[in-house]
Amino acid sequence: MTIAVEVEDILWGMTSFEKKEMFEELLSELDINWVMECLKDANISSKLSKSVDKNSEEEFNKKVLSLINNSFKLTQEEEDLISKISDRINP
């Protein structure tokens, strides 16, 4: 027996907390090369249009994404610099 379930059906049935948990789990498995491939996908990039421009510099995006979950590898000065840049770009 085969049961067809649409992703939208699952997502609509989830609470915000469950969606957050799922997102956190997906982030823990983050592969930067896979993310970059996803950004080239028109369907995905259109949903991220306010966050990520698929035509932006790929190497720069990879470097920025590599910072996720790696703050423990940075000095306080480096963290402060990243925060300052982020605050300037996203006031």
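In this predicted model, helix H3 (residues 32-40) and helix H5 (residues 58-65) pack at about 135°, their axes 10 Å apart. Axes here are lines fitted to C-alpha atoms, for helices over the stretch in contact, and angles run from 0 to 180 degrees between N-to-C directions. H3 is therefore oblique to H5, given that angles under 35 degrees count as roughly parallel, over 145 as roughly antiparallel, 65 to 115 as roughly perpendicular and the rest as oblique. The crossing of H3 and H5 comes out right-handed, that is, with the near helix turned clockwise from the far one by less than a right angle.

As for the chain overall, there are 6 helices and 0 strands (DSSP runs numbered from the N terminus, helices being H or I with at least four residues and strands E with at least two). Of its 91 residues, 10% are buried (under 20% relative accessible area, with exposed over 50% and partly exposed in between, for a 1.4 Å probe and protein chains only).

Ser 66 sits in the loop between H5 and helix H6 (76-89) and, at 34% relative accessibility, is partly exposed. Its C-alpha atom lies 9.5 Å from that of Leu 30, although the two residues are 36 apart along the chain.

At the other end of the accessibility scale, Met 1 is exposed at 98%, in the segment before helix H1 (7-12).

Local features need pLDDT of at least 70 and side-chain atom pairs 80 or more, whereas totals for chains, interfaces and linings use all residues. Residues are numbered from 1 along each chain as its sequence is written, and side-chain values use heavy atoms, leaving out hydrogens and water.
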